[in-house]
Amino acid sequence: MTLRIDPNTTAGAVLDQAHIGHIQGALGTIHKDDIGPRANLRHRLLTLLAIVGPGLIVMVGDNDAGAFSTYSQAGQNYGTSLLWTLLLLIPVLYVNQEMVLRLGAVTGVGHARLILERFGKFWGAFSVIDLFLLNALTIVTEFIGISLALDYLGFNKIVGVAISAAVIMISAGTGSFRRFERFALFLCLGSLLLVPIFFMVHPDLGQMTHDLVVPQLPVLPEGGKLSDVILLIISIVGTTIAPWQLFFQQSYVIDKRITPRFIRYGRIDLWIGIAVVIVGAVAMIAFAAATFAGQPEAGNFTDAGAVAAGIDKYVGHLPGVLFAIALIDAAVIGACAVSLSTAYAIGDVFSVNHSLHRKPTEMKAFYAVYCGILAVGAALVVTPGVPLGQLTNAVQALAGVLLPSATVFLLLLCNDKPVLGPWVNRRGMNLFTGGVIAALVLMSVILTASVLFPDQTDATVICWILGVGSVLAIVVALVSGAFKSASADTQDAFPAGARDTWRMPPLHKLPAMNMSNKSRIWMITLRAYLVIAAGLVLVRIVVLAISGA
């Protein structure tokens, strides 16, 4: 059903009337007309409880089945030597998702629709196609995680995967946003099962602390290749900061009806989620490293199911079972979030009903996409002969390679004055995000070199690539003025307190985005390179699969 919304509505650019109304969170309600100050601690805490959800769910959903595989592989194969990557990713996580939070609360329009409207059909199609394909593969990895955990626990894989898919489908089809969010927050609690496993395994805290703060590459065993390590680092980036997160959180913030007045609470919610996801990631790398240190399986990661069996074998049955249950829990919440990000994006692009406040009969297209992608993913996993382990690693690496493109769109939108008004990025945010994009592209260059010249890509070559690439990035930034911020003059035009009530006007009233030919050339160049890099990731995965067969 196509929406027909009055362009003069006070809702601004909102595309679905269900996105207007009271905030009905899992832990509290805020009336749509509640504009009073939060004068005391109790009132502020009650407000925070009502807002909690988008940041926590997107972060815990990011510690999904693919993350279990990637972090466990890092620990089993290289000990705790790659823990430092997680510490460096914390500010990246916050900056990326904080920009998405602002876009959702201020615009009322999903990420895919904004790209389509501001950059045109060409770039909009690219972003949605990227999202759809990558999300479809990610859904497969979620069901891979469920099937591996069920195998370890001794349950029938086909029945278990089918039940899991049904639960995920039903969770979004109740017609109640609050019921879905309570279900999702309950799953978030399941991620805490990783904490007792950590204490049961007793990792070396001193070594962990050192490896968290001292960047290093692991000592490779005889015959080991640096390209394998680079691929794993890109996988860690891809599983910790994935493109689907941008689309999911922005749409979920809109669906929850969060407005600019509550952005500060959304930021706290986001920090809570980041704390949970980093604790879980550190725990997995640490206890996988401690479990397999000195054992025959060290350096020979296969999949997350084998990790559960290894914990059972070397530590005890209880922590092995807890790991398997946590894996199922992570896969379910990951599948919910990834499927929703796809359905939200399709709903935005085609202007059809797309809200968890609605029943399936009111949003048939939305629910068809949501259930369809889940059904295909579940069917692939129970099909004999699918290379599950290699596919999981490929998806995480592809997410890392495609992330720069998604981040470029995010940065440009957050500097678009007609879209964000007084909420546009400050100069420091632009500088940091530009540096992140440059770092991600450099990682892709290193991966490309390691695939094309695996025997020549050593630490010296990597240092040269990083050095030359950093210089080029600085030169490009200075020449193009890419980090110029629009925030100062824009914010001066708004009186104090006006930011809390400013919303983006209806899309048809926005002036056309003025993107220079120079910017278009850079974007096309980046897109072309990333397509090549993504192809090389697939080549590397196929080579690994053949060599491991």
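Me: What do the buried residues of helix 9 pack against?

Reply: In this predicted model, they pack against helix 3 (65-78), helix 10 (205-213), helix 13 and helix 15 (317-350), where packing rests on contact, meaning heavy atoms within 4.5 Å. Helices here are DSSP runs of H or I with at least four residues, strands are runs of E with at least two, and both are numbered from the N terminus. Residues are numbered from 1 along each chain as its sequence is written. Local features need pLDDT of at least 70, side-chain atom pairs count only at pLDDT 80 or more, totals for chains, interfaces and linings use all residues, and side-chain values use heavy atoms, with hydrogens and water left out.

Me: What makes the buried residues of helix 9 line one face?

Reply: Leu194, Ile197, Phe198 and Val201 are buried in helix 9 (residues 194-201). Seen down the helix axis, these buried residues fall within an arc of 105 degrees (taken from the directions from the axis to the C-beta atoms), so they line one face of helix 9.

Me: Why is Gly55 called buried?

Reply: Buried means under 20% relative accessible area, exposed over 50%, and partly exposed in between (1.4 Å probe, protein chains only); Gly55 has 0%, and is therefore buried. This glycine lies in helix 2 (residues 54-62), and, not counting residues up to four places away in sequence, Gly55 touches Gln249, Asp269, Leu270 and Gly273.

Me: How do you know where confidence is lowest and highest?

Reply: By pLDDT, the predictor's confidence in each residue from 0 to 100, helix 21 (residues 487-492) is lowest at a mean of 52, and helix 13 (residues 263-292) is highest at 95.
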